[in-house]
Structures are given as structure tokens and as C-alpha cells.
Amino acid sequence: MSTSNLHVTRTSGATKTAALLGLIVLIVLVAAPYWAGRADMRLMGEIFLYLALASLWNLMAGYAGLVSVGQQAYVGFGGYMLFALTMFGGLHPIAAIVLAGALGAVIAVPVALLIFRLRGAYFAIGTWVIAEVFRLSFAQVSALGGGSGSSLPVGIVRSLASSRAGREHLSYWLALASAVIVIAAVYFFLRSRNGLALTAIRDNELAAGSLGIDIWRTKFIVYIVTASLTAMIGALIFLQKLRISPDAAFSVNDWTAFVIFIVVIGGIGTIEGPIIGTLIFFLLRETLADLGTIYLMVLGVVAIVIMLKAPNGIWGLLRSRFDLELFPLSYRVKPNKKG
Amino acid sequence: MAAFLQLDQVSKSFGSVTVADGLSFEVGKGEALGVIGPNGAGKTSMFNLITGTLSPNSGAIHFDGSNITGHSAAKRCRAGMARSFQVPQPFSGMTVFENAMIAATQAGGMQGSEAEEYCIDVLEQTELLDRANVLAGGLTLLGRKRLELTRALCAKPKLLMLDEIAGGLTEAECTSLVQTIKDIHGRGVTIIWIEHVVHALLAVVDKLMVIDFGSKIAEGDPRTIMESPEVQEIYLGIEADA
């Protein structure tokens with residue numbers, strides 16, 4: 001039969017080149033403490049943390065269709081857990097980050113059971129309300145500084161590394177590792193059988209359900225995993241800031257609006273989208289930072305233009321034009337080479 | 001012998017619109033049942049009730065020995081049902097091959113190269129193999145209908161439900177479609193096929209059922225049914241008064 005002349009492949013020239021380039025970039029980034037200045041490293045650390053947040057929001061909203069505008073709930077929760085676990089639990093900050101992730105998953109279960117009853121816009125509003133409940137609750141905890149917040153004691157900061165440079169390098173590497181781990185986790189998940197199911201849900205829930213995919217369960221798992229990892233990123237963010245307050249920890253602007261901007265302009269529902277979106281966001285921010293509020297207006301205009309002209313984002317535009325893919329997720333049926 | 005699929009007094013209405021009105025029928029294992037009826041008779045709604053996309057207001061549905069009335073669409077699929085949609089529902093952002101892979105891995109329970117080879121075989125059967133790497137959203141209507149059949153077949157069902165897949169095909173395409181469905185039926189797969197292209201239907205099915213206003217009007221030997229006065233009325237275009 002003629003089918004024996006065909007084979008199925010998931011890699012291509014572009015994905016192999018991308019993997020090689022990705023590896024080189026990663027090595028250069030790991031070595032940053034030897035070539036970059038302090039301010040650059042600080043900026044890059046921030047970029048990595050946003051990249052991780054955006055990749056997680058993309059998995060949840062772009063693939064599972066859970067358009068949450070309340071992920072600041074988990075960023076803030078993670079941040080506060082870092083402070084509570086180190087100050088009152090006596091944990092090492094890195095152990096506290098891991099435990100914050102586990103606690104984030106635990107707290108996300110009842111939240112999911114509640115908000116999964118809502119659909120579409122009601123779901124989005126519901127997530128925001130939950131985040132406000134989190135903010136108001138943490139503002140009541142006087143041991144954590146109540147409404148005005150608190151700073152991480154010097155002793156805990158010193159436990160990371162004794163020298164200032166050592167701490168800066170460590171926090172840079174932690175941010176880089178978080179972005180790499182999140183993107184790798186998203187990639188391997190999407191490549192798996194469950195990832196195929198999730199991509200099907202992204203495209204058509206009716207058909208996905210009638211092909212045996214348990215939509216509720218798949219979305220639930222994605223929500224819990226996303227919440228857990230977002231809490232860990234939150235802990236890391238406030239380990240760098242060294243100070244936390246309810247308004248900063250649960251800021252919808254910082255931890256959700258900017259993240260949505262990144263994902264939408266980059267290309268929602270693709271792994272590459274958040275990477276491109278993060279780079280563009282920081283490019284705009286660094287070049288327009290001196291303009292004050294005009295900067296935010298420019299961001300708004302950019303978002304509107306891209307949504308109108310390229311609804312699938314910049315990566316969506318490139319992909320449809322050049323049939324390009326950097327992460328080998330798709331299947332290609334190819335004829336076998338002769339001989 | 002107990003029926004493979006059994007509907008018992010199934011009713012469903014949306015306000016004053018009744019799509020199923022005390023519908024009862026059985027399909028035996030390995031049987032092929034054809035379903036005809038005028039537009040709006042409730043044929044697709046019947047599929048939605050069987051597959052779990054709709055849940056009935058009353059009545060019960062039994063499949064392969066268990067009561068599935070309260071089960072989700074996904075659970076019914078895993079029990080061995082697969083359907084095609086009358087209005088195609090492709091995974092638009094994925095390729096034709098990936099659409100097939102989802103059915104094979106999620107519903108068909110296959111993995112790795114077994115699933116890949118199975119999908120290639122089915123795509124060849126449904127004449128979509130040369131479009132395997134195309135995004136499903138870019139297919140023509142005919143291509144999308146073929147993709148519906150492809151996905152249903154890749155799910156390796158025990159009960160295959162087809163919803164108007166022959167409409168719009170040329171004579172030659174229709175003949176090859178009939179052959180494909182005959183082959184599947186020959187392997188012992190139970191089939192329910194809703195179709196307006198009656199000659200295609202008659203080439204495959206063992207039994208024919210006529211539905212109108214959400215209830216069964218007639219059921220039995222295909223030739224006898226086609227010659228009955230009610231069906232003549234419907235298919236000669238004469239107003240069929242209730």
C-alpha cells in the first residue's frame with residue numbers, strides 16, 4: 001500500500017535551528033554575571049519573570065480558554081507566602097518558594113470549584129473578584145504589616161548569599177531558571193497526549209467533548225498547575241523586591257494587564273507568542289519610560305492596532321505567512337526518502 | 001438478544017419547540033440503520049441526545065448494556081460512540097493529520113506509531129491524505145465533511161453515527177463513500193446514518209427509520225418504507241400534514 005512510503009515527523013529544519021540557537025542564547029544568558037552590568041542583570045531578571053508569567057497565562061487563556069484577569073491573586077499569594085514562611089516558619093527562601101507553589105495549588109482548588117461555574121465574561125470578572133478578596137484578606141493580617149505591608153528582614157536576605165553581588169547573581173539565575181522551567185514545562189505538556197487534547201479544546205470544545213476529551217478535568221488541571229507556578233513566580237518577584245504590600249502584591253495592572261498585553265501582541269495560543277510579546281513589551285517600556293503616562297497610551301494604541309490588524313498577534317502573522325514553527329509541536333506527514 | 005443502542009420514550013423540548021417527542025427505537029449490534037425525515041424533523045437533535053451533547057427532559061438511553069442517560073459526551077465517546085457533525089466542527093488551527101490524531105489518541109485509545117499509521121490509513125480511505133499537512137480551517141466544505149468522517153473513523157467506534165456526509169458529493173465520490181461505509185459495516189461496526197441522499201443510504205443500511213416532528217413515523221425494511229404513503233408524501237414534496 002502507498003501509505004508505507006510515508007512517515008510522520010515532528011521536527012523540521014526551523015525547529016532544529018531554533019533549538020541550537022536557543023541553546024546558544026541560554027548559555028550566553030547563564031554567563032550574564034560575567035559580562036553584564038548590575039542594571040542590565042536586574043532588567044533581564046525582570047524580563048524572565050514576565051516571560052514566565054506570560055507563558056503561564058497563555059497556557060491557561062490561550063489553550064484552555066480560561067480568560068482570567070485575576071492571576072495577581074496567585075502572584076500576591078506567592079509573595080506573601082514567601083514572607084510568612086521565611087519570617088514565621090524560619091524556612092530558607094528557596095524552600096519557601098517551592099512551598100509557596102504547593103500552597104498555591106492547594107488554595108486554587110476551592111477557587112477553581114467556585115469560578116468554574118462561571119462562563120466567559122462572568123468567569124473573567126469572577127477571577128478579578130477573587131483576587132480582590134485575596135488582597136483584602138492579606139491586608140487584614142497585621143503580622144504581615146496589614147495594609148501598609150512589610151520588608152523582608154536583613155537576616156533572611158543574607159541567608160541567600162553573604163555578599164551583595166552573590167545575591168544579585170543568585171536572584172538573576174533564579175529568574176532565568178524560572179522562565180526556562182516554565183517554558184519547558186509548557187512545551188512538554190503541549191507535546192504530550194494531554195497537550196493534544198488541550199489544543200483541541202482551544203479550537204473547538206464541542207468536537208473535543210465528542211471525541212472523548214474530558215474538558216472540565218483538563219481545564220481544572222491546567223488552572224491548578226498554572227496557579228501553583230504563578231505563586232512560585234510571585235514568591236520570586238517579591239524576593240527580588242524585598243518589600244511587599246497588598247497593593248503591590250495584588251496589582252491587576254502589573255501582574256495581569258501587562259501580561260495580557262504581552263500575550264495578545266505576541267500571539268495567543270502559541271508558545272512563541274509570549275516570548276516575542278515580552279521582548280516587544282520591554283523594548284517599548286525601556287524606550288518610552290521617560291514619557292510618563294504617554295507610555296501607557298502608546299501601549300494601548302499598539303494593543304488595539306495589533307488586535308485589529310493581526311488578531312493572532314505578531315507570531316500568528318509570521319507563522320501564517322512563512323509556515324514557521326520554532327517548537328516542534330505539530331505533526332507532519334512526509335514521503336520517505338528514496339534509497 | 002438485548003439491543004446495542006436503545007432509546008426509551010426520549011423527549012426533549014426547548015420551550016414550545018419539541019425536538020424529540022417520546023422517541024423509542026432500538027439498534028442491534030452490527031446493524032446499519034438509516035434515518036430520513038424532512039428538515040427540522042429532529043434527526044440531528046436525536047444524534048445530540050444519543051451522544052450527550054443534549055440531555056433529554058425525560059426518557060432513558062441504554063448503550064452496550066448500560067444506562068448512559070446522565071453520562072457526558074466524552075464518557076459516551078470513550079464507551080465506543082463516534083459521530084460526524086452535520087455542520088463540520090474542525091479543530092481549525094491544527095492540521096488535518098492532527099485532527100485525526102486527536103480522535104485516534106483520545107477516543108481510539110491508540111498511541112505513538114500505532115496511532116500515526118492508523119490515521120494515515122484512514123486518511124487514505126477518506127481521500128484526504130494529500131491534504132494531511134494543511135490546517136483544517138483552510139479546507140473546503142467538502143474537505144471538512146471528509147474530515148468529519150475521518151475523525152469519526154479514527155476514533156475506532158463500536159457505534160458510528162454519520163450526519164449527512166454524502167450531500168454535495170459527485171456521483172463518483174458518493175460511490176466511493178458508500179464503499180467505505182460498507183467496508184466499515186462489514187467489520188461489524190454498528191452504524192446510524194442520517195442522509196438525504198437516499199440511494200447512498202439504501203446501498204448500505206439494513207433498516208430504515210422515518211422521523212418527523214421528533215417522533216418515529218415508520219421503521220422497517222428500507223424498500224417497503226420508501227414505498228409507504230407517508231414517505232412518498234415527504235419525498236415527493238407534498239405537504240405532510242401531521
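Among contacts in chain A between residues at least 6 apart in sequence, what percentage join residues at least 24 apart? And which elements do the buried residues of H3(B) pack against?

Modeller: First, some housekeeping. This is a predicted model, where local features need pLDDT of at least 70 and side-chain atom pairs count only at pLDDT 80 or more, while totals for chains, interfaces and linings use all residues. Residues are numbered from 1 along each chain as its sequence is written, and chains are lettered from A and ligands numbered from 1 in the order in which they are written.

Your percentage for chain A is 77%; two residues are in contact if their C-beta atoms, placed from the backbone, lie within 7 Å. The chain is built from 15 helices and 4 strands (DSSP runs numbered from the N terminus: H or I of at least four residues for helices, E of at least two for strands). Its radius of gyration is 21 Å, close to the 20 Å that the globule rule gives for 339 residues, so chain A is as compact as a globular protein of that length. That radius is taken over C-alpha atoms, and the rule is 2.2 Å times the number of residues to the power 0.38. Of the 339 residues in chain A, 40% are buried (20 or more other C-beta atoms within 10 Å of the residue's own; 12 or fewer makes it exposed, and in between is partly exposed, with C-beta atoms placed from the backbone).

Now for chain B, where your helix sits. Here there are 9 helices and 10 strands. The radius of gyration of chain B is 18 Å, close to the 18 Å from the globule rule for 242 residues, so chain B too is as compact as a globular protein of its length. Its C-alpha atoms fill a box of roughly 50 × 40 × 35 Å along the principal axes. Buried residues account for 48% of the 242, and 64% of the contacts between residues at least 6 apart in sequence join residues at least 24 apart.

On to the helix. H3 of chain B covers residues 96–107, and at 1.5 Å a residue its 12 residues should span 16 Å; the end C-alpha atoms are 16 Å apart, which agrees. The expected span is 1.5 Å times one less than the number of residues. As for burial, 12 of the 12 residues of H3(B) are buried, including Glu98(B), Asn99(B), Thr105(B) and Gln106(B).

What does H3(B) pack against? From chain A, helix H8 (193–203) and strand S4 (332–335); from chain B, helices H2 (73–78), H4 (112–125) and H5 (141–154), along with strand S6 (81–83). Just past the helix, Gly109(B) takes a positive phi of about 70°.

H3(B) also matters for how the two chains meet. In total, 30 residues of chain B are in contact with 24 residues of chain A. The elements of chain B that give two or more residues to that side are H2, H3 and H4, and the largest share, 8 residues, comes from H3(B). By type, the residues on this side of chain B divide into 14 nonpolar, 9 polar and 7 charged. Here Ala, Val, Leu, Ile, Met, Phe, Trp, Tyr, Cys and Pro count as nonpolar, Asp, Glu, Lys and Arg as charged, and the others, Gly among them, as polar.

S6(B) belongs to an open sheet of 6 strands with the order S6-S7-S8-S3-S9-S10 and mixed pairing; strands pair if DSSP finds at least two bridges between them. S6(B) is an edge strand of that sheet, as is S10 (215–220) of chain B, each pairing on one side only. Within the sheet, S3 (residues 32–36) and S9 (residues 207–212) of chain B run parallel over 4 bridges, with Val35(B) opposite Met209(B).

With 25 C-beta neighbours inside 10 Å, Glu148(B) counts as buried. Leaving aside residues up to four places away in sequence, Glu148(B) touches Ser84(B), Phe85(B), Pro88(B) and Ile165(B). Glu148(B) is also 8.6 Å from Gln86(B), C-alpha to C-alpha, although the two are 62 residues apart in sequence.
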